[in-house]
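Hi there,

Here's the structure I promised to pass along. Have a look at it first, and then read on for what turned up in it.

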Amino acid sequence: MAELQEVQITEEKPLLPGQTPEVAKTHSVETPYGSITFTVYGTPKPKRPAILTYHDVGLNDKSCFQPLFQFADMQEIIQNFVRVHVDAPGMEEGAPVFPLGYQYPSLDQLADMIPCILQYLNFSTIIGVGVGAGAYVLSRYALTHPDTVEGLVLINIDPNAKGWMDWAAHKLTGLTSSIPEMILGHLFSQEELSGNSELIQKYRNIITHAPNLENIELYWNSYNNRRDLNFERGSDITLKCPVMLVVGDQAPHEDAVMADSGGQPQLTQPGKLTEAFKYFLQGMGYMASSCMTRLSRSRTASLTSAASLDGNRSRSRTLSQSSESGPLPSGPPGHTMEVSC
C-alpha cells in the first residue's frame with residue numbers, strides 16, 4: 001500500500017492554559033475498495049490501543065467529533081491515547097466529487113478498509129467510537145476482527161437492515177424531501193428540527209451547501225442498503241469486547257438503546273459523554289487514577305433532578321451507578337454499558 005498523502009497540520013481549537021497545540025498528520029492509503037483518508041493525533045502509547053473514530057452520514061471526522069474531543073474534560077483522555085479519525089471515502093474536507101457511475105463501497109466494504117489503516121500505522125488494537133453509520137461500520141469490523149478491538153462506543157446504532165415498511169417510508173419521504181433534509185432527519189429528531197436551534201441551522205447549512213453533496217448521497221445510499229448485523233446478546237454471533245451503547249434523549253427510537261438516528265449526544269452533550277467514556281475506559285482497566293470530571297462532582301444534584309423528571313425510566317441506570325459509586329468493575333469480556341445523554 002503506497003501512501004498517497006501526508007500533510008502536517010495543527011488542530012484549530014482554543015487552547016487551555018498551559019496546553020500546547022496538538023500536532024496531527026493526515027494520511028491517505030489505498031485499499032481493495034479505493035482510497036481512504038484518516039488523521040492521526042498524538043503518538044502511540046505503550047500497551048494502549050488507539051482510539052479510532054468513524055463518523056455518521058452527512059458529517060466528516062471534524063463536524064462529527066470535534067465538539068467532543070475539544071471538550072475540556074476530554075483532554076485527560078486524549079493525552080493517554082493516540083487518536084485516529086477516519087473519513088469515509090469522499091467525505092474528507094476538499095474531497096473531489098466522484099465521477100458519474102462510481103460504485104461507492106458498501107458499509108461492509110468500508111469495514112474491510114480498516115485493516116489497511118491499522119497495517120499502515122502498525123497499530124495492533126483499537127477502541128472504536130462510531131456514530132450512526134460509523135457505529136455500524138465499526139461493529140461489522142469488530143465482528144470479523146474481534147482480536148483487534150478492545151472496546152466499542154456505539155452512538156445511535158441501528159444494527160438492522162431496512163424492512164419493507166422502512167423502505168416504503170423512505171421512498172415516500174424521498175418524493176417530498178431533498179437529500180439534505182432526509183439526512184438531517186436521520187441525524188436529529190423532529191423536535192430538534194422543528195426547534196431550529198443554532199446547532200440545527202449550523203448543520204443544515206453544512207449539509208445543504210456541502211461541495212461534495214453527491215458523495216454524501218452515495219454514503220447515504222450505502223447506509224440505507226446495509227445488511228443485518230445479526231448479533232444478539234448472549235448468542236454465538238455477538239461483539240466479544242466491552243461495548244458502551246449511547247443514545248440521545250432526543251433520538252426518535254430508544255428501544256434497547258439501539259437508535260436509528262437523532263439526538264447527536266457527541267454534539268449536544270459532550271460533558272455527559274466524556275464522563276461516561278472515562279468510566280468505560282476505567283472499567284477496561286485504563287486510567288484507573290483518573291480525576292473526577294466537573295460533571296461528576298455535581299452529579300448528585302443532577303441525578304436527583306433527572307429522577308424527578310424521568311419517573312420510572314431506567315435507561316440511564318448504568319451511567320447513574322457509575323457516577324455515584326466510582327469506576328465500573330471490569331467484568332467479563334463483552335460486558336455492555338448503556339448510556340442515555
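Let's start with a pair of helices: which residues in H6 meet which residues in H9? On the H6 side they are Ile179, Pro180, Met182, Ile183 and His186, and on the H9 side Leu213, Ile216, Glu217, Trp220 and Tyr223. Sorted by class, the residues of this contact come out as 8 nonpolar, 1 polar and 1 charged.

Before going further, please keep in mind that this is a predicted model.

As for how those two helices lie, H6 covers residues 179–187 and H9 covers residues 213–224, and they pack at an angle of about 50° with their axes 11 Å apart. An angle like that makes H6 oblique to H9. The crossing between H6 and H9 is left-handed.

H6 has another partner, helix H8, which spans residues 198–208. Here the angle is about 140° and the axes are 10 Å apart. Angles over 145 degrees would count as roughly antiparallel, so H6 and H8 are oblique to each other. This crossing is right-handed. From H6, the residues in the contact are Pro180, Glu181, Ile183, Leu184 and Leu187, and from H8 they are Tyr203, Arg204, Ile207 and Thr208. The contact of H6 with H8 has 6 nonpolar, 1 polar and 2 charged residues.

If you compare the two lists, Pro180 and Ile183 turn up in both: they are among the H6 residues that meet H9 and among those that touch H8.

Now for the wider view. What does the protein chain have in the way of helices and strands? There are 14 helices and 9 strands. The chain has 341 residues, and 51% of them count as buried. Its accessible surface comes to about 15600 Å², with 53% of that belonging to carbon and sulfur atoms. On contacts, take those between residues at least 6 apart in sequence: 72% of them join residues at least 24 apart.

Asn80 gives you one link across the sequence to look at. You'll find Asn80 in the loop between helix H2 (75–78) and strand E5 (83–87). Setting aside neighbours within four places in sequence, Asn80 is in contact with Lys45, Arg48 and Met287. Is Asn80 buried, exposed or partly exposed? With a relative accessible area of 24%, Asn80 is partly exposed, because the cut-off for buried is under 20% and for exposed over 50%.

Last, a couple of backbone angles. Most residues other than glycine have a negative phi. Lys47 has a positive phi, near 60°, and is not a glycine. Lys47 is in the loop between strand E3 (34–41) and strand E4 (50–54), and at a relative accessible area of 83% it is exposed.

Asn156 also has a positive phi, about 55°, without being a glycine. The loop that holds Asn156 runs between strand E7 (149–155) and helix H5 (164–176). In terms of accessibility, though, Asn156 is at 1% and counts as buried, whereas Lys47 is exposed.

That's what I have for now. Happy browsing!

Terms used:
Residues numbered from 1 in each chain as written. Predicted model: local features only at pLDDT ≥ 70, side-chain atom pairs only at ≥ 80, totals over all residues. Heavy atoms only, no water. Axes fitted to C-alpha atoms, helices over the stretch in contact; angles between N-to-C directions. Helix = DSSP H or I, 4+ residues; strand = E, 2+ residues; numbered from the N terminus. Parallel < 35°, antiparallel > 145°, perpendicular 65-115°, else oblique. Left-handed = near helix turned anticlockwise from the far one by under 90°. Contact = heavy atoms within 4.5 Å. Nonpolar A, V, L, I, M, F, W, Y, C, P; charged D, E, K, R; others polar. Buried < 20%, exposed > 50% of the residue type's maximum accessible area, 1.4 Å probe, protein only. Areas by Shrake-Rupley, 256 points an atom, 1.4 Å probe, with all protein chains shown as cover.
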